[in-house]
Amino acid sequence: MDGPSWLGAVLFLGVELQALWPAAAVEVHTSKEVDAVNGTNLRLKCTFSSSSPISQHLSVTWNFQPEDLSSHEPVFYYLKEPYKLSVGRFKERVTWDGNIQRNDVSIIIWNLQPTDNGTFTCQVKNPPDVDGTIGEVRLRVVQKVHLSEIQFLAVAIGSACVLMIVVVIVVIICRHHRKKAQEKRIEVADTELSREKEKLKIREEKEASPLED
């Protein structure tokens, strides 16, 4: 086999082996967008999967990029143990809420502010898996949470059910009062009829008295 043919065979074999044996990588999973109320606390959930066992040198890096797309700011770092920031906007406002053994590297941000609007990134390195996806969460701090379509539908259905129950109760009460009023009218009519009969009887008795004398 001449030189070029041998080199081509080696390159082809390398491509085939690479296709059969995918490169080691870490996949990071986060929510794409999150709305949170100003002044509240928020758990930024981040999980990962790796083709390698969890390493003692696994590291987690959380960064933040404001809405004005200025430079990234550090938020949190983990290597064997959580490391809190000593400077920056997130100083003393971020705590570890993950569990490495469960592939959970989530954090909690306390006392959200409008200046926290922006994109948070979560990167996990698990040697030898040091490449892979970086999770992103776009945070929007609002005065109140906007209802999703499902929540709006649930509220609408609930309101309709409550309204229907109120209407049924009102109808039952009206029918009850109508029945009572009808019974009262019948009772009054019966009383009046009894009085008329009594008067007629007395009149007949008076008219019959002179004839007997």
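Glu204 is partly exposed, with a relative accessible area of 46%. The model is predicted. Glu204 sits in helix 2, which spans residues 149-212. Together with Glu198, Glu205 and Glu207, Glu204 forms a negative surface patch.

Helix 2 also holds Val162. Val162 has 51% relative accessibility and so counts as exposed, since the cut-off for exposed is over 50%. With Val166 and Val170, Val162 makes a nonpolar surface patch of about 240 Å².

Asp129 is another case. This residue lies in a loop, with strand 10 (118-125) on one side and strand 11 (135-142) on the other. Is Asp129 buried or exposed? Asp129 is buried: its relative accessible area is 0%, and buried means under 20%.

| Residue | Relative accessible area | Class |
|---|---|---|
| Glu204 | 46% | partly exposed |
| Val162 | 51% | exposed |
| Asp129 | 0% | buried |

Which side chain does Asp129 contact? The side chains of Asp129 and Ser51 are joined by a polar contact of 2.9 Å. In sequence, Asp129 and Ser51 are 78 residues apart. In space, their C-alpha atoms are 7.4 Å apart.

How values were computed: Residues numbered from 1 in each chain as written. Predicted model: local features only at pLDDT ≥ 70, side-chain atom pairs only at ≥ 80, totals over all residues. Heavy atoms only, no water. Patch = residues over 30% accessible without salt bridge, like charges linked within 9 Å, V, L, I, M, F, W, Y side chains within 5 Å. Areas by Shrake-Rupley, 256 points an atom, 1.4 Å probe, with all protein chains shown as cover. Salt bridge = Lys/Arg side-chain N within 4 Å of Asp/Glu carboxyl O. Lys, Arg positive; Asp, Glu negative; His and termini not counted. Charge placed at Lys NZ, Arg CZ, Asp CG, Glu CD. Helix = DSSP H or I, 4+ residues; strand = E, 2+ residues; numbered from the N terminus. Buried < 20%, exposed > 50% of the residue type's maximum accessible area, 1.4 Å probe, protein only. Polar contact = N/O pair within 3.5 Å; in protein donor to acceptor, adjacent residues only side chain to side chain.
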